[in-house]
Structure formats: structure tokens, C-alpha cells
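Hi,

Here is the structure I promised to pass on. Have a look at it first, and my notes follow below.

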Amino acid sequence: MARMLVLRSVIAIACAVLASPTWGQQASIRLTGGAGDTGDSVVVTAMLDSNVNLGGWAWGVCSDSTLVQVQSSVDGSALLAFPPNFNVQELLPDGVAIAAVYFGAGLTFLPTSIDQEMYRVTYQIVGTGLSVPASLSFCGTLGTPPVSIECIVHQGGSFLPTTTDAVITINPAPTFRRGDVNSDGAFNLVDPIWLLTYLFVFGPLPHCADAADADDNGILQLTDVVFLLSALFTPSAPQPTGSMQCASDPTADSLDCLVSPCP
């Protein structure tokens, strides 16, 4: 946070000193989107087009922490080739705040170019739903103090960039009937036998491993077979979660559901 405060001060001074815009100066920052399943990591790239040599920039990208969470942010190929003297990427619960400045001896700007890869930000999908879009929006509310979408500073003037937001689409979670091990749409003695064969006789993997995970602990094991047999033949025994209703898995785990009779 201290580094971000210093950098904000440097940018503010630069913007004040170089506050006379020159006609024709243009810069555009855009985000790439992506898609994935719950638990996946998606890399979003901030790309820059600019017709001027840039001496600094600052912006924030806001996101919904109930849908996606920032895991990391690293320099893209453009900044690896032309590293800023001061470069901060602050990861926050609701997004990422970024600011950078060139100064001192040597190369003191980012040369003009198009399709420059500035930053690569990795998000983890934590939300579930049916093709829910998680918006990634340029904003000026992140950080303490907040990092606004500020002047892009270069030698001879400063101006504001245009920005293009993006989304990460959360793929629909598969639905299944827990206990329907062989994916035939029914829950009967065939299901625990199928699972027992898979576990101990090298039988075929259930098409929907989530459905075979009777106790929903994320592991296919003998306790699932016992759970299913008890549910079938012991009147007071608990039934598989959902009571054979089509539903998505409420618990994040490594099991997949490749084939299911559910819509």
C-alpha cells in the first residue's frame, strides 16, 4: 500500500506538470475475456494501443468477488521488454489496481505500438450458475486512496485513455441425480453394484462421478457403496442428497459429470 501511495503522488505530479494535451494523442486499453467452469483459473490480458510514447498510467479493474477472485497479476510482454521504473499491481478482494511510471536515466517511456500486452491477470472462478457473466470493468474505486483511471503521461502532455471492459463467462454446472451411478435415470440395486465393480474389479468409471459420490465428500470409496445399499434397504437410512432430483453439485470437488440423463 505504501508503494501505491508513493506512485499515486508521482503520477499526480506528472499529470499536473504535463497537463497540456496534444491533439491526435490516442491510447486505448482493452481487456480480453474468457470462460470456464467453477474452480477454473482464467487469464485475462490488458492490451494497449497507443500512438504516443507513454511515460506512465494508472487504472483499476473491478470484479464481483462472489463470482471471480484475483489470484495473480504479472507484467505482460510489453513491460518485460520495457520495464517501468515503478510498477505496482495491488490485488484486492474486488479487483486489481495498477499504476506505473517511467523516470530517471535510460529509456523513460513505453514506445508507441498496437496490441501491446501490458498485464496478465489470473482470476479463479468461484461462482456457479447457468452461463453467468462475471463483469470485469475499468473503475476508479479500488485501493486506498482509490486508483482512478488517470492520465497516461508522456513527454509533452497527458490525456485519458479509452477503455473496453470484458466478461468471464461461468459455464453451466452439469446436473445429475445423486445415486444414479450408471446414469440410466433410476436409483436401484444396479447402482451400488456398478460402483463396487469400479472400485474393486477394475470396472468402468461411472459416467457421472458426482452422481456416484453418494455422501458428497468428493471421493469415490466403499462408504459410497454402503450409503447406497443402506438407502435402498434400510427404511430409516438417509437418502442421497437431492432425493434423486436433477441438481448441480453444491460442493466444489475434483469429480466430474461427463454424462447424465438430466437436462
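How much space lies in the largest cavity? About 60 Å³. A cavity here is a set of points on a 1 Å grid over the protein atoms alone where a 1.4 Å probe fits but cannot get out. Grid points are joined across faces, edges and corners, and a volume is the space filled by probe spheres set on the points.

Before the rest, a word on the source: this is a predicted model, in which local features need pLDDT of at least 70 and side-chain atom pairs count only at pLDDT 80 or more, while totals for chains, interfaces and linings use all residues. Residues are numbered from 1 along each chain as its sequence is written, and side-chain values use heavy atoms, with hydrogens and water left out.

The overall picture

The protein chain has five helices and 13 strands; these are DSSP runs numbered from the N terminus, with helices being H or I of at least four residues and strands E of at least two. Of its 263 residues, 43% are buried, where buried means under 20% relative accessible area, exposed over 50% and partly exposed in between (1.4 Å probe, protein chains only). Among the contacts with a separation of 6 or more, 76% are between residues 24 or more positions apart; a contact means heavy atoms within 4.5 Å.

Cavity and pocket

Back to that cavity: the count comes to one of 30 Å³ or more. Its lining is made up of Leu31, Val44, Ala46, Trp59, Val61, Val96, Ile98, Tyr119, Val121 and Tyr123, lining residues being those with an atom within 4 Å of a point. Two or more of these residues come from each of strand 3 (41–50), strand 4 (56–62), strand 7 (95–101) and strand 8 (113–125). Strand 8 gives the most, with three residues. By class the lining has ten nonpolar, no polar and no charged residues. For the classes, Ala, Val, Leu, Ile, Met, Phe, Trp, Tyr, Cys and Pro count as nonpolar, Asp, Glu, Lys and Arg as charged, and the others, Gly among them, as polar.

The largest pocket has a volume of about 500 Å³. A pocket is an open set of points with protein on both sides within 12 Å along at least five of seven lines. It has 21 lining residues, and the closest to its centre are Asp37, Thr38, Pro174, Asp253 and Leu255. This lining divides into eight nonpolar, seven polar and six charged residues.

Helix 5 (residues 222–233) has twelve residues, which at 1.5 Å a residue should span 16 Å, and its end C-alpha atoms are 17 Å apart, so the two agree. The expected span is 1.5 Å times one less than the number of residues. Asp224, Val225, Leu228 and Ala231 are buried in helix 5. Seen down the axis, these buried residues fall within an arc of 130°, so they line one face of the helix; the arc is that of the directions from the helix axis to the C-beta atoms. Their cover includes helix 3 (190–200) and helix 4 (209–212).

In helix 3, the buried residues are Asp191, Pro192 and Leu195. They cover an arc of only 95° around the axis, so they sit on the same side of helix 3. They pack against helix 4 and helix 5.

Backbone spots to check

Most residues other than glycine have a negative phi, and most peptide bonds are trans. Phe202, which follows helix 3, has a positive phi, near 55°. Asp115 has a positive phi of about 55° too; this residue lies in strand 8 and is partly exposed, at 47% relative accessible area. Asp216, in the loop between helix 4 and helix 5, has a phi near 55° and is buried at 14%.

The peptide bond from Thr144 to Pro145 is cis, with omega near -5°. Pro145 is in the loop between strand 9 and strand 10. That loop, between strand 9 (132–139) and strand 10 (152–154), also holds Gly143, which counts as buried at 19% relative accessibility. Leaving aside neighbours within four places in sequence, Gly143 is in contact with Glu90 and Leu92.

Finally, where does Leu258 lie? In the segment after helix 5. Leu258 is exposed, at 71%, and touches His207 and Cys208, not counting residues up to four places away in sequence. Leu258 and Cys208 are 50 residues apart in sequence but 5.5 Å apart in space, C-alpha to C-alpha.

Best wishes
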